[in-house]
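Colleague: I would like to go through this model with you. Please put it up, and I will ask as we go.

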Amino acid sequence: MADRTARRVAAAGAAGCVVAGAVAVTVAVVAGPGPGPTGYVSEAGVTDSGYAGAYRIGVFALAAALLLLAGALPVAARAASVLLAAGAVATVLSGTVTCSAGCPLPPFEAATVADLVHGGASIAATAAVVLAMLALVCSPAVGPALRRVAAVGAALALPMAGAVGLAMLLVGRGALVGVLERLLLTVTAGWGLATAVVLVRRAGL
């Protein structure tokens, strides 16, 4: 009983962190001096941005949400928990190492070491979350509510993640990548919130 209560508390904390993190990052992206939907979300965290602090707070809150969600999942979802913990570490790295102006990435732009570290950490964090969705879908011992939420999340996130990767390689920074990236991040945040709500209600335990 105590273990179940602790997991519910962790799930509630995860839900709060997802909401707080998403709001902080959204404010930084919308109100900041970035290029709007034609650029990367990470551009809101560039050092000379007036909203870099809000962006970093939001990113760290999302990292905390992933870690809390990893702890809230049932024991049967160990693979998903490990992936979420790894995603939390990558998210912290992404928030700690800021990119330069424009967040340039190859193959179309010359990138600094910080740009590569930041970009790689951001990609790794998102990939870990999407893989955690798949791990839950493939865990028959996990409750059906968790698997349904994960199935919906994966069905939306997988094609978007593939599209973002291809667009970055074939088109580069621009409106296409910007919009797809925002949609993918919205899906992952929505999945995290929905999963946390399911866990709070014990439906996934």
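This is a predicted model: local features need pLDDT of at least 70, side-chain atom pairs count only at pLDDT 80 or more; totals for chains, interfaces and linings use all residues.

Colleague: What percentage of the 205 residues is buried?

Modeller: Buried means under 20% relative accessible area, exposed over 50%, and partly exposed in between (1.4 Å probe, protein chains only). Of the 205 residues in the chain, the buried ones make up 45%.

Colleague: Which pattern does the chain follow along the sequence?

Modeller: Helices (H or I, at least four residues) and strands (E, at least two) are DSSP runs, numbered from the N terminus. There are 6 helices and 0 strands. Read along the sequence, the pattern is α-α-α-α-α-α.

Colleague: Why is the chain said to be as compact as a globular protein of its length?

Modeller: The radius of gyration is taken over C-alpha atoms, and the globule rule is 2.2 Å times the number of residues to the power 0.38. For 205 residues the rule gives 17 Å, and the radius of gyration of the chain is close to that, so the chain is as compact as a globular protein of that length, at 17 Å.

Colleague: How far apart are the end C-alpha atoms of helix α6?

Modeller: The expected span of a helix is 1.5 Å times one less than its number of residues. Helix α6 (residues 175-200) has 26 residues and should span 38 Å, which agrees with the distance between its end C-alpha atoms, 37 Å.

Colleague: Which residues of α2 are buried?

Modeller: Helix α2 (residues 52-72) has 21 residues and reaches 30 Å from its first C-alpha to its last, close to the 30 Å expected. Its buried residues are A52, Y55, G58, V59, A61, A63, A65, L66, L69, A70 and A72.

Colleague: Which residues does G153 touch, leaving out those up to four places away in sequence?

Modeller: G153 lies in helix α5 (residues 144-170) and is buried, with a relative accessible area of 5%. Contact means heavy atoms within 4.5 Å. By that criterion, and not counting residues up to four places away in sequence, G153 touches M133 and V187.

Colleague: Where is the cis peptide bond that has omega near 10 degrees?

Modeller: One of its residues, P107, is found in the loop between α3 (78-96) and α4 (113-137). The cis bond runs from P106 to P107.

Colleague: What is phi of C103?

Modeller: C103 is also in the loop between α3 and α4, and is buried at 5% relative accessible area. Its phi is positive in a residue other than glycine, near 45 degrees.

Colleague: How far is the C-alpha of G102 from that of Y40?

Modeller: G102 is in the loop between α3 and α4 and is buried, with a relative accessible area of 19%. Not counting residues up to four places away in sequence, G102 touches Y40, E43 and R173. G102 and Y40 are 62 residues apart along the chain, and their C-alpha atoms are separated by 7.7 Å.

Definitions and conventions. Residues are numbered from 1 along each chain as its sequence is written. Side-chain values use heavy atoms; hydrogens and water are left out.
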